[in-house]
Amino acid sequence: MTQRRSEAVLLACAITIGCIAVVVTRANLDVADNGTRIGFALVALCAVAAHIGIRRFAPLADPVILPTATLLNLLGLVMIHRLDLADNAKAIRQGTPLPSPTFSTQAAWTVLGLSLAIAVLLLLRDHRQLQRYTYTSMVAGIVLLLMPLLPVVGATINGARLWLRIGDHSFQPGEFAKLCLAVFFAGFLVLKRDSLAYIRVRHFGLGLPRPRDLGPILIAWMVSVGILVFERDLGMSLLFFGMFIGVLYLATGQRTWLAFGAVLFLIGATSSWLLFSHVQTRVAIWLHPFQYADTQGYQLVQGLFGLATGGLFGTGLGDGFPYLVPFAKSDFILTSLGEELGFVGLTAMLMLYAVLVQRGLRTAVTIKDPFGQLLAAGLAIVLGLQTIIVAGGVTRLVPLTGLTTPLLSAGGSSLVANWIAIGLLLRISDTANRMRSES
Amino acid sequence: MMRPYRRLAGVLAVALALLVANLSWLQVLGAEGIRGDESNTRNLLQQYNRARGPIVVGAAPIATSARAKSDSFYQRSYTDGALYASATGYYSLLYGATGIEASENDVLSGTDSRFFVDRVQQLFAGQHQAGGAVTLTLSADAQRAAFDALASRTGAVVVLDARTGAVRAMVSKPTFDPQDLAPNDPVAVRNAYRTLASDPAKPLLNRVTGRAYPVGDLFDVITATAALASGSYSMTSPVPCADAVVALTIALQRRCPEAFAEIGRRIGVDALRSTAEQFGFNNAFPITAPSVASRLPIGADPATTATGAGVRATPLQMALVAAALANNGTLMTPYLVSDVRTPNLAIVDAAAPTAFGTPVAERNAQAIAEALQSRTDAQLHLIHGSGSPSWAIAYSGRLAIAVCLEAANADASTVATTVLREISVKQ
């Protein structure tokens with residue numbers, strides 16, 4: 001059982017790092033109260049419980065995934081707590097009532113996420129069971145994607161209509177749609193990959209796949225364009241399209257699909273830029289952020305200032321000014337961490353994401369059945385692509401989108417959905433390793 | 001089967017590399033440019049949270065930073081702000097800094113490389129970066145004497161210790177109170193600055209080091225030195241004076257412009273410039289910020305230059321001339337900072353007097369001074385300049401002084417005498 005022992009060691013390291021981060025933050029901000037200690041302790045305990053759950057239900061699962069995801073989650077919690085403290089200080093200075101801490105909700109969602117990850121391990125003994133629900137997942141995924149368009153419960157937050165608001169709480173069904181569509185893409189491509197790869201009908205000298213094979217691909221493209229048009233979010237549409245093309249490429253092994261996807265993306269991107277003002281705004285801010293420093297570009301510019309102020313080693317947890325960036329707890333949590341942990345810290349965190357993606361792809365390569373391969377790969381791709389899009393957006397490498405940073409951002413739907421995905425990866429990796437050791 | 005996965009991993013790796021490269025630009029290579037943007041308020045906020053080091057005169061701090069509570073902002077306070085303003089300058093979050101606050105900013109803000117060990121200690125002790133202490137060479141008594149003697153006149157007084165080069169007093173009037181520009185309230189500071197900046201009397205200008213005035217016939221000292229140094233003249237050489245021909249020493253006593261013009265023609269402008277530079281001309285002594293160099297006119301006729309026409313010098317420069325004469329011809333480099341200490345008050349650097357050069361041969365120094373001086377006093381040697389602005393340089397014992405007053409009928413000599421007497425009494 002050396003895998004579980006490695007996992008235990010790594011998890012201990014992750015929790016230690018999280019503890020040090022909390023202690024440093026509170027020391028730098030001269031905080032004395034005990035409130036959040038319970039929250040952090042609870043999360044740490046839950047992570048340990050998850051480790052025990054993995055020992056029980058998926059003993060051969062990849063040992064790196066849980067500690068890495070836990071560390072990212074803990075760092076996110078530390079930064080959210082730090083920002084809560086800044087909010088409190090501001091409220092005290094202004095004499096307004098103390099706002100309710102985002103940390104508590106995020107910690108609660110973390111506990112729920114970890115529990116659901118273990119529930120996945122408990123309930124889903126074989127990932128191939130999901131293959132039965134391929135088309136159900138497709139429907140569920142599309143429904144979840146379209147739900148924000150509903151009249152009463154659908155809501156536009158920050159310009160993007162991606163949310164459902166029920167009472168005081170808001171959810172992002174799109175995050176769960178990611179999981180459903182990952183299952184759908186995997187299942188669909190297992191069935192169709194041979195016909196997509198090899199069956200060609202000659203049109204005007206050019207060999208193209210049959211319409212009935214191409215159909216779903218074009219539907220997928222149109223759905224993502226639909227998200228862009230009706231829900232006004234560049235990121236989500238790019239994410240889905242990217243996930244699909246990536247898995248399609250892996251399924252068929254043909255690079256032409258990547259090229260095809262790139263062409264479709266360019267067509268979609270250019271037309272959306274030509275047609276939609278909100279896309280034009282985003283591109284304008286991306287190209288000339290400082291011209292819009294006081295208006296729409298304020299968030300991006302403040303984020304850039306924060307990163308530059310952080311420098312190589314950062315200002316230190318609690319010593320920076322991440323709270324100057326709007327939505328520092330969610331959209332721009334990467335710049336908050338970049339400001340206080342510096343280039344070194346932020347690059348280390350990007351490496352953590354890279355490790356997660358790599359473990360996912362490794363699982364995909366180890367597992368023998370094609371559904372498992374494509375599902376693991378799809379989940380890894382979506383995690384990697386989302387991180388790249390978000391990190392690129394806040395650092396002005398690509399235009400800003402409304403995507404959340406997986407595991408870091410304050411936001412229940414994203415956190416829970418990502419933990420379920422982690423649970424799936426753990427399950428698939430357990431099966432993969434078991435089959436490998438048996439053969 | 002593996003290849004597509006490898007390729008995809010490769011694509012993601014390339015994307016990661018691009019992200020890291022972009023980040024390295026934002027946070028490391030190009031960080032200074034981005035961070036320095038004026039709309040980045042973080043720079044301001046960082047200063048609010050830092051304990052700036054004190055500026056000390058004698059044993060007492062004249063500028064300190066303290067904060068009321070542990071989460072409020074640090075506030076700079078000045079004791080006798082107006083008295084020391086010419087040396088300390090101001091420190092304002094909106095308008096930057098001048099004077100010692102600017103030239104020793106690295107020490108005062110704690111970022112000086114000499115504090116590296118202390119910063120590491122602070123890191124482990126969990127303290128925030130504190131600034132180091134700067135001790136000035138000023139003497140509180142001398143500064144007060146100069147300040148009071150200058151009264152409400154417009155001009156500058158600077159007193160040096162001729163044997164070491166230490167600046168004992170420097171006052172520029174009209175002056176300001178740096179406390180007016182120190183508060184954390186941007187509105188108050190903006191109003192105060194606007195008032196000061198729009199005042200036609202220019203209280204923010206440091207006339208000691210920041211303005212070069214026409215020297216006029218005070219330049220005679222340099223011309224006389226150059227004459228003797230050239231070897232073409234001795235104290236008894238015949239020179240024209242009015243309509244007569246007299247010995248050089250008499251011409252110096254009478255301050256005859258014809259004599260100096262003749263000297264200038266004979267020795268040439270290069271000799272004049274060379275001697276002037278040995279006295280410190282064309283050199284902006286950076287004892288504080290801002291400081292300008294004193295200059296000879298370029299391409300002018302040596303005869304007119306020798307009489308001082310077109311020559312501009314700062315009061316500090318002329319004090320150096322006096323100091324050279326006081327110190328038997330050896331000029332010491334002026335300095336205002338006597339030591340620099342860590343936040344824990346351990347000395348990391350102490351100034352050591354260094355010689356700038358020997359502009360005047362020892363045997364000539366006293367002769368020139370006695371010839372040019374306008375007072376018959378065993379201890380106090382004073383040379384005045386006529387015209388506007390009113391100049392006077394003097395020395396007594398080891399103290400050298402320069403006074404420059406802008407007003408038309410001002411009397412710099414009186415001021416110089418008063419100050420030196422005052423200081424000598426206290427010592």
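**Interface and aromatic pairs of chains A and B**

Between chain A and chain B, 9 residue pairs are in polar contact, both residues being at pLDDT 80 or more; a polar contact is a pair of N or O atoms within 3.5 Å, where within protein one atom must be able to donate a hydrogen and the other to accept it, and residues adjacent in sequence count only if both atoms are side-chain atoms. The model is predicted, with local features requiring pLDDT of at least 70 and side-chain atom pairs counting only at pLDDT 80 or more, whereas totals for chains, interfaces and linings use all residues. Residues are numbered from 1 along each chain as its sequence is written, chains are lettered from A and ligands numbered from 1 in the order in which they are written, and side-chain values use heavy atoms, with hydrogens and water left out.

The side of chain A that touches chain B receives two or more residues from each of α8 (234–252), α11 (298–310), α12 (333–366) and α13 (370–394) of chain A, helices being DSSP runs of H or I with at least four residues, numbered from the N terminus. Of these elements, α12(A) gives the largest share, 13 residues. In total, 44 residues of chain A are in contact (heavy atoms within 4.5 Å) with 33 residues of chain B. The area buried between the two chains, that is, the accessible area (1.4 Å probe) lost on putting them together and summed over both, is about 3500 Å², of which carbon and sulfur atoms give 71%. F305(A), F321(A) and F343(A) supply 17% of the area that chain A buries against chain B, more than any other three residues. The count of salt bridges between the chains is 1, a salt bridge being a side-chain nitrogen of Lys or Arg within 4 Å of a carboxyl oxygen of Asp or Glu; E339(A) forms it with R42(B), the closest N and O atoms being 3.1 Å apart.

Over all chains, the structure holds 14 aromatic pairs, for which ring centres of Phe, Tyr or Trp (its six-membered ring) lie within 6.5 Å, planes under 30 degrees apart counting as stacked, over 60 as edge-to-face and the rest as tilted. The rings of F184(A) and F188(A), with centres 5.6 Å apart and planes at 35 degrees, are therefore tilted. F290(A) and F305(A) form another tilted pair, at 6.0 Å centre to centre and 45 degrees between the planes.
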